[in-house]
Amino acid sequence: MKILGLFSKSKKSMLRKMIIVSLFISIVPTVITGLGSYLYASSVVETEVNKANYQILKTASDNVDKKLQTIQINLLQILNSPYFLTDYNVDLKVDQIDFFGKVYKILGAFQNTNKDLRELALYIRDIAYVSPTNGTIRPDGLNSSVRDKFDHELKDNYRIRWLNETFPVTRNTDTDSGVTLVNKFPLGSNDPIGLVIASVDSRQFREIIGDSTVYKGQFLFVVTDSGKLVTTTSDELQPSNFYESILQAGEGKSKYNFNWNGTAYLVTSIASNYSHWRYIDVIPVKELNAKSRGIAFMTMGIVFFFILVSVSGSFFGSRKIYQPVERLLASIRSDSGTEIDSDEMGFVHRNWLELKDTASQLRTELSHQLPIIRETFVLQLLQGQFAHYTNKQLGELLKRYQLPDQAEFAVLSIAFDMDAAHEGKFRDSDKELMLFSMKNIIDELIPLNGWRGVTVNVFNDSLVSWLWSVPETPEADKEEPEFFAFAEKMRDTISNYFHLPVTVGLSEIGYETKEVPRLYRQAMFALESRIITGRNKVLQEVGSLVSEDSYPVELEHHFENSLKLGNQEEAERMLNDFMEAVRRQARSPEGVLLYYNQLLAATLRTAHSLKVESKQLFEQYDPYTYLRKLKSIEDINSWFATALISPIIAGVQGNRYGEYERMVRTAVSFIHDNYHRDISLEECADHSGVSTFQLSKWFKKLMQTGFIDYLTEYRIEQAKHFLAETDLPIGEISVLVGYQRQNFMRVFKKQVGTTPGQYRESVKT
């Protein structure tokens, strides 16, 4: 009754809805899954049965054909022997004992080696019928209808064929059904004088196909191309119109259903390529469905069990989930003193409406970019971070990440330009997803077009693909790879997919891995030039505005190093030197913008390596867009100093000050643990993992004293403790604090103003 009360419309509408929804969500998929599993399993069973039926028929057909072919091949070998190739059409008579005796022996030997033969004979028109089974019979001793049949076969225009009948040459001959191989004699003669006849009983075929039935009520039968029954596995004699009805129903079909006297059958049929006989398998459908019924019962049991679990889980789970809401309602009611109506959420909404104005919705940008080691390595390689590696060291890294050392290289930089007015279907919040989609498209296009490569994300909402082509033959090496054609195809594909302008910057071709950083700079430089040369195209030649040789690379590197060291004064000096270089070398406003675009890219790259996020530098605007709005070099330099250098230096110094504090604390702890030894600044710096210069500089800055002075003061303080608290000899105390006796006396007097003995006397009196 308590459970039924939940469905009352007077109260707890939310709990009632939760139970109904959870029941629907849990039961409907369970039923659909169970039904789908049953249908799928039934389909699989039917498919497997069809395959098995076909294989059974194929095996039976192959075995029968093999037996027929073996008889035919062996018989042809006899007829091709020199004895049987002789022309016997001249003066051949029945009393030629040598000839017929030889024939009798050969046929007898052949029949003994082929136990499947029912009858093997040589018939010579108007002369004799010779058979190991029936002996030699004159023509007038043969069955007249059989003799007429033999004479008719001699007149037909063929050399060898199988007939679906046997020939009872005498009254005592067995008349069971079978097939007969008829060959003209002599073989190859245009005017044959007789026939070689080999008969096989149909029981032989029944034994072959008899093991092919596995279902109750299943049987298999074989018919000729004219529809005449050859053999069957059925023990019960079926009416002739039963077989005829099956053949008529399945004319031209390999699988079909057939009904006979209220019983449904599945009929499968194949035809032999050798004998052209049709092998037909007939199975009662109810036997096939036996397995499906078992699957149905099992599926129903499983579905019923899970429905019970789902119902129980829905009630108890919904009640459990509803408990926090119930507690919240109780709390609101105790505070407001109002009654709770049937709409719990409406009640909460009305009583806590003021929270709607103060609550803020948190929007999280979830990035699913997995840090792939290979892509990280390629990004570092493109940025030139392995320039100091030896060829051997770099080669080992390339081998580890399955990258080529020597090949035909090119670097492509890809970027899309969104509508500044946001009138398109994409917004700034879609950029991460768009870059992810672009990367997937590029990764699919690269192997489809016969290339190899790696695509990585870089700054300014762009991607970079490092492509290479390894020629398979020396001749192929003479042809330049069509990097430009691939870049245009890739650009067109991405642009059509997003319906946005897409620009590709293409480097020149390189041949060694050490050239990759230079190619990367070329590609990025070409991409950035789209603000001058136009977008939505493949850009390659940008040297007309600013040549690579004229760009002050050394100043850029010095500027980056100054940022990394946290030296703001030096960074600003390098920025001013960069400005003077731009004044001297740039020949147009576009050239100035290209210079500073490249410097901005280098600055952002450095900020990222220093773990200074771009959001700390630029809140709501794109730095490249803002840079294009500045009207003079002085304004650009001022913006660089305030928006980039100062925040980066502040971040670096903030990060490093904490590191320096930890470094000095480590050094002080080392001194306290090892003051009794002859320790040095070098040993302490090595223990702290820094250089002696850094340790000396920051130790003095943070501790307000030098390393040696602090070590000396700490040793003297420990010596004072030993002198005041123990009766140890002064010589032993000097060793305990890391001095020889003579040096200890001198240093102690210098630091304290008295000798150790005088100090001991003064503190003990």
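Contact, as used here, means heavy atoms within 4.5 Å. With that in hand, P132 is in contact with Y104, L107, G108, Q111 and L120, leaving aside its neighbours within four places in sequence. This is a predicted model, in which local features need pLDDT of at least 70 and side-chain atom pairs count only at pLDDT 80 or more, while totals for chains, interfaces and linings use all residues. Residues are numbered from 1 along each chain as its sequence is written, and side-chain values use heavy atoms, with hydrogens and water left out.

**Around P132**
- P132 sits in the loop between β2 (128-131) and β3 (135-137); strands (E, at least two residues) and helices (H or I, at least four) are DSSP runs numbered from the N terminus.
- Twelve residues apart along the chain, P132 and L120 have C-alpha atoms separated by 7.0 Å.

**Helices α17 and α18**
- The axes of α17 and helix α18 (residues 568-585) cross at roughly 160° and come within 8 Å; axes are lines fitted to C-alpha atoms over the stretch in contact, with angles from 0 to 180 degrees between N-to-C directions.
- That makes α17 roughly antiparallel to α18 (over 145 degrees; under 35 is roughly parallel, 65 to 115 roughly perpendicular and the rest oblique).
- From α17, the contact is made by L555, H558, F559, S562 and L563, and among its partners on α18 are R573, L575 and F578.
- Eight nonpolar, two polar and three charged residues make up the contact of α17 with α18 (Ala, Val, Leu, Ile, Met, Phe, Trp, Tyr, Cys and Pro count as nonpolar, Asp, Glu, Lys and Arg as charged, and the others, Gly among them, as polar).

**Helices α25 and α28**
- Helix α25 (residues 707-725) packs with helix α28 (residues 756-764) at an angle of about 55°, their axes being 9 Å apart.
- α25 and α28 are therefore oblique to each other.
- K720, F722, L723 and A724 of α25 meet P756, Y759, R760, V763 and K764 of α28 in this contact.
- By class, the contact of α25 with α28 has six nonpolar, three charged and no polar residues.

**The lining of the second largest pocket**
- Helices α11 (373-382), α12 (391-400), α15 (516-528), α17 (553-565) and α19 (589-609) each supply at least two residues of the lining of the second largest pocket.
- With seven residues, α15 gives the most to the lining of the second largest pocket.
- By class, the lining of the second largest pocket has 18 nonpolar, 13 polar and seven charged residues.
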